[in-house]
Amino acid sequence: MPSADTAVTDLATATKKFFRRVLPIMLVMLVCNQLNRSNIGYAQAQLEADVGIGAAAYGLGAGLFFIAYAIFELPSNVMMEKFGAKIWLSRIMVSWGLVSFLMAFVQNETWFFVLRFLLGAAEAGFFPAVIFYFARWVPAGQRGKATAIFIAGSSVAAAISGPVAGMLLSLHDILGLRGWQWLFGFEGLLSVAVGIAVYFVLDPTVQDAKWLSRGEKSALGAAIAEEDARHAGAGEGRASRWKMLLDPQILLLCGIYFAIQLSVYANTFWLPSIIRRIPGTTDLSVGFLSSIPWVCAIVAMYFAARWQDKARSKRPLLVVALLVAAAGTLAAAVASPVLALVFLCVAAMGFKSASPLFWTIPQSGLHPLVLAPAIAIINSLGNLGGFVAPFGFGIIKEQTGSVTPGLFALAAASTAAAVLVYFLKERRNHSGPREGAGVRNGDGVRDAAGRISRQAVTAP
């Protein structure tokens, strides 16, 4: 039977290996996800010229994605629990890649609406499946860091999507295809290829990982099992998804996340349009300029993650992030086009930092059997902000010729969310269980998990 000190070392090594081997795969998946979800923002002008899709129709199509996402999130979560996260993540990627590829052949508004709805249905369940996978592989003390790094990947994806989209949109009439067809076709097939690769490189369980030693498997399995036992001892376990929908705290979390997603997707789908107001811009320059707010967001998220690690309560940090988002958005609404880009960088630093800070709150203390459905509910209902923002902006622009009123609304929503944060009941993240709370795993390791959970595990 290995000593407790050996188990601590094995757990630290296993966690580092996960961060180095598996987390990069998850980040590549997220990059593909964001590319296919948001590429219509860059193709909007060409779609209007070639297919006749106006601002209101574009906003509706962009938002229909999130209606389907909300409808199919919980069913997808149920299927994930049946088939396992590895198989379901691969299925999700391949299906969304195929739908995105078909976007290259859209010919009218109707097919645009249908394919955007199907894309949302295909992507539903992706985020909860990743969070569930983390819960089965990463000790609680490092799970927040893994989630923060994963969410930061969306900013990396947004930062590179602009230049990539700009270059693909510039491929006019090469092989008889328009630039927007190159954009949808290439990024869709990329997701299919990555989805197939994911099936072969991800392991379904810790015990299946050939890149972990027996001791590392034992220590990591013991740490996860100890957490499960501690939650079970507190009376936690499976809960009805319908009862969760009526839980005031979950509804409050949905409302806050809804406000965050309003800002995220208003900028995702309309930032290129806002930047086009700067005189002399082209498809390529708009693509590169669109990446600047997301690069700023990456820097802000890095420092927010460091502050988060030192804070017992995440609520004050989340409030600050939301107020920064509100201030930046409000300033962008009244500034010149160039200054508006500067202030939108400030806003992006706020609302993108808010996402990982937000997810640490529902994650804390939830049993893994409850975690995935709870995250699915919050994610699906909160993501309806992804429908309201682009659809609302589309109507506003078509009626007024400007998105400025929409920016005022975003600032108000972020401010309201900051107020709602103080009504959340946050479970503080204590360093570990009481002494002697160990459990026995299949290899006979006893009492090590309790000590391991109090040990700081440093991940790269």
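## Basis of the model and overall fold

A contact is defined as heavy atoms within 4.5 Å. Among contacts in the protein between residues at least 6 apart in sequence, 83% join residues at least 24 apart. The structure is a predicted model, in which local features need pLDDT of at least 70 and side-chain atom pairs count only at pLDDT 80 or more, while totals for chains, interfaces and linings use all residues. Residues are numbered from 1 along each chain as its sequence is written, and side-chain values use heavy atoms, with hydrogens and water left out.

The protein contains 19 helices and 0 strands; these elements are DSSP runs numbered from the N terminus, with helices being H or I of at least four residues and strands being E of at least two. Of its 460 residues, 58% are buried. Buried denotes under 20% relative accessible area, exposed over 50%, and partly exposed the range in between, with a 1.4 Å probe and protein chains only.

## Salt bridges

A salt bridge requires a side-chain nitrogen of Lys or Arg within 4 Å of a carboxyl oxygen of Asp or Glu. By this rule the count comes to 2 salt bridges. Lys17 and Glu216 form a salt bridge through their side chains, at 3.0 Å from N to O. Because Lys17 lies in helix 1 (residues 4-21) and Glu216 in helix 10 (residues 214-233), the pair ties together parts that are 199 residues apart in sequence. Glu216 is buried, at 6% relative accessible area, whereas Lys17 is partly exposed at 29%.

A salt bridge also joins the side chains of Asp50 and Arg178, again at 3.0 Å from N to O. This pair links distant parts of the chain, 128 residues apart: Asp50 belongs to helix 3 (residues 40-51) and Arg178 to the loop between helix 8 and helix 9. Asp50 is partly exposed at 35% relative accessibility, and Arg178 is partly exposed at 28%. The loop between helix 8 (140-169) and helix 9 also holds Leu175, a residue other than glycine with a positive phi near 60 degrees. Leu175 counts as exposed, at 73% relative accessibility.

Helix 4 has 29 residues and reaches 40 Å from its first C-alpha to its last, close to the 42 Å expected at 1.5 Å a residue; the expected span is 1.5 Å times one less than the number of residues. Helix 4 bends by about 40 degrees at Phe72, and Pro75 follows within four residues. The bend is the angle between axes fitted to the seven residues ending at a residue and the seven starting there. Just after helix 4, Gly84 adopts a positive phi of about 100 degrees.

Met79, Phe83, Ile87, Ile196, Tyr199, Phe200 and Val201 make a nonpolar surface patch of about 650 Å². Patches are made of residues with over 30% relative accessible area and no salt bridge, joining like charges within 9 Å and nonpolar side chains (Val, Leu, Ile, Met, Phe, Trp, Tyr) within 5 Å. Helix 4 (55-83) and helix 9 (179-201) each supply at least two patch residues, and the largest share, 4 residues, comes from helix 9. Phe200, in helix 9, is exposed at 65% relative accessibility.

Terms used: Areas by Shrake-Rupley, 256 points an atom, 1.4 Å probe, with all protein chains shown as cover.
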